Amino acid sequence: MKRANEDEKLEELVEGRGATEGKSGRTSSGRTRSRRTESAGLSRLREAVRRNKKKRLTALLHHVTPELLEQSYYALKRRAAPGVDGVTWKEYEAGRQDRLTDLHRRVHQGTYRAWPSKRTYILKEDGRKRALGISILEDKIVQQAVKTVLEVIYEEEFRGFNYGFRPGRSQHNALDALWMGIVKRPVNWVLDADLRGFFDAIDHEWLEKMIEHRIGDRRVLNLIGRWLRAGIFEQGQWSPVQEGTPQGAVISPLLGNIFLHYVLDLWTEAWRNRPGKGTVIIVRYADDFVVGFQNERDAQEYRQELSARLGRFGLELNAEKTRLLEFGRWAEGNRRRRGQGRPETFTFLGFLHICGRTRKGYYTVLRKTRGQRLRRKLKEIRQKMRRRRHKPIPEQGKWLRAVVQGYFNYQAVPGNSSALNSFRTEVNRAWCRQLRRRSQRHRMTWQRFRRYVDRWIPSAQILHPLPYERLSLDPR
């Protein structure tokens with residue numbers, strides 16, 4: 001009997017195949033290369049890959065042309081911090097054509113050398129520091145160009161449930177696919193998995209073997225090897241690296257995707273197709289992934305075998321953040337009968353996922369902004385407000401409008417209205433407080449302040465469609 005059209009589409013999006021073109025509702029990033037602007041050479045390469053997905057590709061570097069290097073230069077962030085050579089995007093633009101011509105010559109003659117990454121740190125949500133590696137601009141340009149070529153190949157191989165750092169895919173696509181998988185499939189258990197220090201733990205030898213499985217161009221392989229072993233420059237000292245790929249490097253997300261494609265994605269796909277397994281869904285965004293199971297036995301078995309599988313390649317689950325929990329359509333009733341209270345919640349891509357009900361009483365998965373993330377964002381805004389306290393009000397208003405709108409652009413998913421309203425209310429209160437502190441005899445009445453709010457602060461409204469609308473699936 002032929003499967004329903006809805007089931008076929010859902011399987012494509014959540015269960016592993018690539019989505020039907022034009023039906024996924026994906027939103028393309030502004031910096032993502034469009035296939036319509038793809039060079040004729042890359043288009044031919046894509047067709048060759050589609051015709052033969054097992055053939056090793058031995059001639060790829062010639063696709064890195066002066067035109068592609070220029071496109072790669074303009075694809076970079078213009079205000080990004082410079083690497084150890086101190087050259088910024090704007091400084092490189094002076095004499096850009098000659099610089100790129102020389103860079104192209106060095107890449108193809110084999111005289112190009114990778115520079116070490118400049119080490120810097122950013123604070124994580126838990127207060128710890130995350131190490132980033134900032135490459136010099138020319139390394140970014142070449143990495144972007146090579147990444148463009150490799151994406152043509154690997155986009156034909158990556159599984160449909162892999163959403164992280166891929167052209168035309170976003171975090172919201174991953175969130176919607178997970179929602180559809182849990183709501184539309186018989187999922188009763190969820191493994192919320194977290195890999196410990198993934199990008200710092202990637203084994204160079206294994207990664208290069210995985211790439212060589214598909215790529216046979218020694219010049220491209222040598223470039224990747226140079227970037228992996230370029231080392232780190234910190235506090236005036238160079239130090240070598242034996243494993244890992246710098247977070248912040250242009251090529252790192254693709255290398256991470258390739259590594260997990262072989263370590264996790266293909267293995268999971270084969271695991272769930274074993275005889276006797278119930279329904280198993282998976283959604284992965286970079287090193288953050290969630291697996292849903294119909295049967296608890298399968299969930300326990302998968303978790304044990306996953307730990308062993310990851311250990312073979314030098315990876316491990318973060319025991320503090322990896323949890324197996326009862327979650328799904330029947331979780332609330334089952335737990336109530338056992339006297340265990342409401343189902344536990346889990347976090348994926350910044351949203352708390354909760355078993356809930358619609359107004360009509362149907363099962364749904366509610367997605368709410370994490371309270372910790374909301375409070376941290378408000379704290380950051382208040383600190384920046386204090387530094388801008390004496391700026392002209394229109395200047396403050398323009399800045400706040402961009403900040404609030406940027407926050408809503410990510411957080412404004414269906415069902416999250418209360419968190420959006422709370423965020424907007426707290427921003428307004430903080431702004432009014434700062435304006436009143438500009439003078440001991442302020443004249444900032446609430447009525448006057450309301451005019452500024454109406455002019456500058458965006459209203460809290462849902463900006464994203466329901467998951468089944470974005471994925472072009474009929475909810476019935």
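I began with Phe-165, which is partly exposed at a relative accessible area of 43% (buried is under 20%, exposed over 50%, partly exposed in between, with a 1.4 Å probe and protein chains only). This is a predicted model, where local features need pLDDT of at least 70 and side-chain atom pairs pLDDT 80 or more, while totals for chains, interfaces and linings use all residues. Residues are numbered from 1 along each chain as its sequence is written, and side-chain values use heavy atoms, leaving out hydrogens and water.

Next I looked up aromatic pairs and found 22, counting Phe, Tyr and Trp (six-membered ring) with centres within 6.5 Å; planes under 30 degrees apart are stacked, over 60 edge-to-face, the rest tilted. Phe-165 and Tyr-285 make a tilted pair, 5.5 Å centre to centre with 50 degrees between the planes. I noted that this pair links distant parts of the chain, 120 residues apart: Phe-165 is in the loop between α6 and α7, Tyr-285 in strand β6 (residues 280-285). Helices (H or I, at least four residues) and strands (E, at least two) are DSSP runs numbered from the N terminus. Tyr-285 is buried, at 12% relative accessibility.

Then I turned to Asn-162, in the loop between α6 (137-154) and α7 (171-184). Is Asn-162 buried or exposed? I found it buried, at 0% relative accessibility. Leaving aside residues up to four places away in sequence, Asn-162 touches Arg-169, Asn-257, Asp-265 and Arg-284 (contact: heavy atoms within 4.5 Å).

Last, I noted one aromatic cluster formed by Tyr-73, Tyr-74, Trp-89 and Tyr-92.
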